[in-house]
Amino acid sequence: MRVKNYDIFISHSRKIGANQVAHLIYDRLKFDFSVYLDLNVTEAGKFDELLEEHIKNCQDFILIVTEDLFKKNTSSWVLKELVWADKYKKNIIPIFLDGHQCDFTKVPSELCLIEKTNWIEYHEKQFDDVIKSIIKMLQ
């Protein structure tokens, strides 16, 4: 399967908040980097295989972390994407929305992949600082 290569893959849930933040980050970074955000998936093929291939071929993986990811029984594309990012040794940049903290003893095991990863705390009023932090953490 041949897919376009991107510098950055943004992983986010479709929940209000995460989706908006992902779009804001995409809109800011797209001028300086090639950024994958599942806005207009136009490639032929199975969706899961396309996502995995995009993650395999990217350099950096931005993970928008929301409260819904902390639930033990959650089944989410975001967690699948995180596992692929780890599998392919991507530079994972977690962004925690609005102060959500994580007790790693009570979350799905996939989230433990970011337990010792430097992360960014997102606050809407400090968006420019969030973008600066992301750019510093890119490889």
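A salt bridge is taken here as a side-chain nitrogen of Lys or Arg within 4 Å of a carboxyl oxygen of Asp or Glu, and by this rule the count comes to three salt bridges. The model is a predicted one, in which local features need pLDDT of at least 70 and side-chain atom pairs count only at pLDDT 80 or more, whereas totals for chains, interfaces and linings use all residues. Residues are numbered from 1 along each chain as its sequence is written, and side-chain values use heavy atoms, with hydrogens and water left out.

**View 1. Overall arrangement of the protein.** The protein has four helices and five strands, where helices (H or I, at least four residues) and strands (E, at least two) are DSSP runs numbered from the N terminus. Read from the N terminus on, the elements follow the order β-α-β-α-β-α-β-β-α. Of the 139 residues in the protein, 45% are buried; buried means under 20% relative accessible area, exposed over 50%, and partly exposed in between, with a 1.4 Å probe and protein chains only. Among contacts (heavy atoms within 4.5 Å) between residues at least 6 apart in sequence, 75% join residues at least 24 apart. The protein exposes about 8100 Å², of which carbon and sulfur atoms supply 45%; accessible areas come from the Shrake-Rupley method with a 1.4 Å probe, and for residues only the protein chains shown count as cover.

**View 2. The buried side of helix α1.** The twelve residues of α1 should span 16 Å at 1.5 Å a residue, and the end C-alpha atoms of α1 are 16 Å apart, which agrees; the expected span is 1.5 Å times one less than the number of residues in the helix. The buried residues of α1 are Ala18, Val21, Ala22, Ile25, Tyr26 and Leu29. These residues lie on the same side of α1, because they cover an arc of only 135 degrees around the axis, the arc being that of the directions from the helix axis to the C-beta atoms. The cover over the buried residues of α1 includes β1 (8-11), β2 (35-36), β3 (60-65), β4, β5 (120-122) and α4.

View 3. Side chains of opposite charge can pair when their charged atoms come close. The side chains of lysine 30 and aspartate 27 meet in a salt bridge with an N to O distance of 3.6 Å; lysine 30 is partly exposed, with a relative accessible area of 36%, and aspartate 27 is also partly exposed, at 38%. The side chains of aspartate 128 and arginine 28 likewise meet in a salt bridge, at 2.9 Å from N to O. This second pair links distant parts of the chain, with aspartate 128 in helix α4 (residues 127-137) and arginine 28 in helix α1 (residues 18-29), 100 residues apart. Aspartate 128 is partly exposed, with a relative accessible area of 43%, and arginine 28 counts as partly exposed at 36% relative accessibility.

View 4. In glutamate 52 and lysine 87, which form a salt bridge, the closest N and O atoms are 3.2 Å apart. The pair links distant parts of the chain, since glutamate 52 is in helix α2 (residues 47-57) and lysine 87 in helix α3, 35 residues apart. Glutamate 52 is buried, with a relative accessible area of 19%, and the buried residues of α2 include Leu50, Leu51, Glu53, His54 and Ile55 as well. What covers the buried residues of α2 includes β1, β2, β3 and α3.

View 5. Valine 78, found in helix α3 (residues 77-87), counts as buried at 3% relative accessibility. Leaving aside neighbours within four places in sequence, valine 78 is in contact with Ser11, His12, Ser13, Leu63 and Leu69. The C-alpha atoms of valine 78 and serine 11 are separated by 5.9 Å, although the two are 67 residues apart along the chain. Lysine 89, in the loop between α3 and β4 (91-97), counts as exposed at 71% relative accessibility. Most residues other than glycine have a negative phi; lysine 89, not a glycine, has a positive phi of about 55 degrees.

**View 6. Polar contacts of Asn91.** Asparagine 91 is found in strand β4 and is buried, with a relative accessible area of 14%. The side chain of asparagine 91 makes a polar contact with the side chain of aspartate 60 at 2.6 Å; a polar contact is a pair of N or O atoms within 3.5 Å, of which, within protein, one must be able to donate a hydrogen and the other to accept it, and residues adjacent in sequence count only if both atoms are side-chain atoms. A polar atom of the side chain of asparagine 91 also lies 2.7 Å from the backbone oxygen of methionine 137. Not counting residues up to four places away in sequence, asparagine 91 touches Gln59, Asp60, Phe61, Met137, Leu138 and Gln139.
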